[in-house]
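User: Got a model open here and I'd like to talk through how it packs. Can you take my questions as they come?

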Amino acid sequence: MENTVEVMEEKVQYIVVKAGVEQYGIDVKYVDNIVRIQKITRVPKSLPYYKGVINLRGEIIPIMSLRKKFNIEDEEYTSKTRIIILKPEQQELIGVIVDRVNEVVNFSESDIEKLSIDNKDELAKYISGVGKNNDNDTLVSILNIENLTADGRDAQAQ
Amino acid sequence: MDVSQYLEIFIDETKEHIQSLSDQLMILEKEPENTDTINEIFRAAHSLKGMAGTMGFTRMQKLTHQMENVFSEIRTGKMSVEAQLVDVLFQCLDAIEEYLSNIEQTASEGENDNEPILNQLQAILDGGGSPAAPAAAAAPTATAAPAADNGNRKYKDFVYAEFEKNAVNEAHNKNLNVFAITVQVDESCILKAARAFLVFKSLESHGDIIKSNPSVQDIEDERFDLDFSICIITSESYEKIIGVIKNVSEIKDAVGEPVPAFAAVTQEVASSKTEQKKEAVADNKKAPDKKPAGKPVVNRSVRVDIEKLDVLMNLVSELIIAKNGLISVSSSDNVSSRGFTEQIEYLERVTTNLHESVMKVRMMPIETVTNKFPRMIRELAKKLDKKMELYMSGEDTELDRTVIDEIGDPLMHLLRNSADHGLESNEVRAQRGKPEVGTIELNAYQDGNNVVIEVKDDGNGIDVESVRNKAIEKGSITEEQAETMSDKEIIDLLFKPSFSTAKKVSDISGRGVGLDVVKTKIETLGGDIEVKTKLGEGSTFIIRLPLTLAIIQALMVVVGDEKYAISLGSIQTIEDIPVTDIKYVQSKEVINLRGTVIPLIRLDSVLDVPRNEDYEAPDRMLVIVVKKGDKLAGLIIDELIGQQEIVIKSLGKYINNNNKVIGGATILGDGEVALILDANALL
């Protein structure tokens, strides 16, 4: 009986990206597209972690820097730099700059360890848990996409 | 026979016939002997009858049949046209319109037989032109609101769903109050949805609205009569809540009562109850005045001139030819750049034309909204007992479909305002030596990239002093402020929301009811509104709307390394000025341009444009003079690129961070994104 539960447990695919020294996992259901870095038009007076907007096939997409969001030093764009275009539920597209895309992994719920929420740490709400990648023995912080993208919208709503 | 596929055509054509009937009746009232008009009306009524019959709408058929009988008598000269007769006929039109809207919503004509109107028509036929009991005519007619027995306490009809009951019970446990309230909107209210929205908005700060009838969506889309019911959980008292609702202007009444806690229900009982509820709902649907909520059964359609479609078709075929040309050039062995350029130019020409044609298809003459106004003014004249005449010009001015759909209500509001508050009563006009008949003008014309609509009356105008006093009394401005404010600034106060909610102001100044709503609506369409008025001589409301919402002519400029677009409409002049011309007034930079002092705005610092370290300010600067109303400002830029037609795209919700200076973005020919500066926000 226990075995069947084990087998039945659903695995979710995550795209593992790197920003700074850390690895982050993004649920594939949010990923619309992955594009190479391109010219970003700066938008004055926007929140600091927004780099600007790009033109993706005729659509204007705002671009956020994951490094800046997590208060890591600003990135230098390389041939590995990518923009992950995300589609949060019921919301418009948004792009996130990452240093590189590493791989796609499958995590079941038991592979992900929930973090105890530390209220003092503002950044904690952007991470919904830590996944253990047993293949190469690394840790992947799972991004909470809804929270990550909500800030700009909330600021706008005020 | 299944006629549902013809429903759309039926609705379109019926609307056209109703409009033509309405127009012709207006003419008929003035020229009772005009045989052309009588024939035209007869034909329209006849077609309506035939169409309704074919579609199986028997009530509508009966009504139009009776109308046709009356016209037939008139046509043969057995009966003459009288004002009362015209009144009855207008009521018939209202009734037909109601059938039509029922059909649009539900594909059935409803249950209203409109007996009183039929009887009146019969009486006219019998009595040979003397309609009986005109008083009764005004009575129930088309409104058909013998509503539920609950009268204005419609909240009693509420059927609570399980989760709503739980919410109510929980609220009681927490010692919160739960009220069910029915709100009545004033009959004369034009923007009902906006008022309802205000009610919701002001209630939200006092509690949670857990239920509304009709649904919030329907209320927003104005699919309700004159009342709506809500259920609210709040910590405030009943009186307070009712007070909050009544504080919103044009709300006639609000009544309600506390909702008691529901008995806890087990699952089984619940299911049987839901069944009962379903029955109850079904019963309700049978009641004639219950409009079943939900989406209309017919999609909205636009009638497009076949010629416009032909042009489109031709352009698309040209596009295909251009594509084939490109293929052949690229597949030929020696790719000559000349052939290539030629094809590209051809393609460019085709796409420009294509764009223009598509825009034209989206354009509609403003007539489609204004043609119902003559009748409205006629009725207002009767109701207010003032003599007035509406003159319209430029009805063929074309606007984007999206604008046309939205502009009707604000215009109607302004016209009513002019008729009701602007024009003086007959006696006052006589005293002042003005012509007996008041004039209201509705002029529309194109002005560059804008369409201007003017609503003008020759009435009393706005009494600036009384507005000023009222504003001080209300505490909107202090006395010192009032001293320094110009007349124009005072008049602008009328558009402030806080101002119009006070009914007293409107009673005295005669203006201000809902002008804030009008202004908001026009601003969401990208336009603006201003007033010109002269006490005793009348006032003019001037609305400016962009020709289209999506595409504008813009001037491309460079600041630092960044490109920006500025709408050509707001640009006055472009000047090349030596830096030494900059003067300082109150330590702000200005220039004196041909006698006008213009404040300068350094775009690079407003927009935080990064500068290279070795950047040195040049000794001459480019200044773009922009205007907003009477205000001017000079924007300092680095370089001009030139004029360009740009497509406006939204920046989305994430990034703009409430910054009004950036109005949107556009994609340039090379795929790069340029931001659009809203010069109005800079001023």
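User: What's the handedness of the crossing of H3(B) and H4(B)?
Analyst: The crossing of H3(B) and H4(B) is left-handed, meaning the near helix is turned anticlockwise from the far one by less than a right angle. Helices here are DSSP runs of H or I with at least four residues, strands are runs of E with at least two, and both are numbered from the N terminus. Before we go on: this is a predicted model, where local features need pLDDT of at least 70 and side-chain atom pairs count only at pLDDT 80 or more, while totals for chains, interfaces and linings use all residues. Residues are numbered from 1 along each chain as its sequence is written, and chains are lettered from A and ligands numbered from 1 in the order in which they are written.

User: OK, and at what angle do the axes of H3(B) and H4(B) cross?
Analyst: Roughly 160°, with the axes of H3(B) (residues 58-75) and H4(B) (residues 83-106) coming within 10 Å. Axes are lines fitted to C-alpha atoms, for helices over the stretch in contact, and angles run from 0 to 180 degrees between N-to-C directions. H3(B) and H4(B) are therefore roughly antiparallel, the label for angles over 145 degrees.

User: Which residues of H3(B) meet H4(B)?
Analyst: B:Arg59, B:Met60, B:Leu63, B:Thr64 and B:Met67. Their counterparts in H4(B) include B:Leu89, B:Cys92 and B:Tyr99. Contact means C-beta atoms, placed from the backbone, within 7 Å.

User: How does that contact of H3(B) with H4(B) split by class?
Analyst: It has 8 nonpolar, 1 polar and 1 charged residues. Ala, Val, Leu, Ile, Met, Phe, Trp, Tyr, Cys and Pro count as nonpolar, Asp, Glu, Lys and Arg as charged, and the others, Gly among them, as polar.

User: Next pair. How far apart are the axes of H1(B) and H2(B)?
Analyst: The axes are 9 Å apart, and H1(B) (residues 7-30) packs on H2(B) (residues 35-55) at about 155°. That makes H1(B) roughly antiparallel to H2(B). Their crossing is left-handed.

User: Switching to chain A: in what order do the strands of the open sheet run?
Analyst: E8-E1-E2-E11-E10-E9, 6 strands with mixed pairing. The edge strands, each pairing on one side only, are E8(A) (100-108) and E9(A) (112-113). Strands pair if DSSP finds at least two bridges between them.

User: In which sense do E9(A) and E10(A) pair?
Analyst: Antiparallel, over 2 bridges. A:Glu113 has A:Val130 as its bridge partner in E10(A).

User: Last one: how many residues does each chain give to the contact between A and B?
Analyst: Chain B gives 22 residues and chain A gives 22 residues. On the chain B side, E21(B) (662-667) and E22(B) (673-677) are the elements giving two or more residues.

Methods. Contact = placed C-beta atoms within 7 Å. Parallel < 35°, antiparallel > 145°, perpendicular 65-115°, else oblique.
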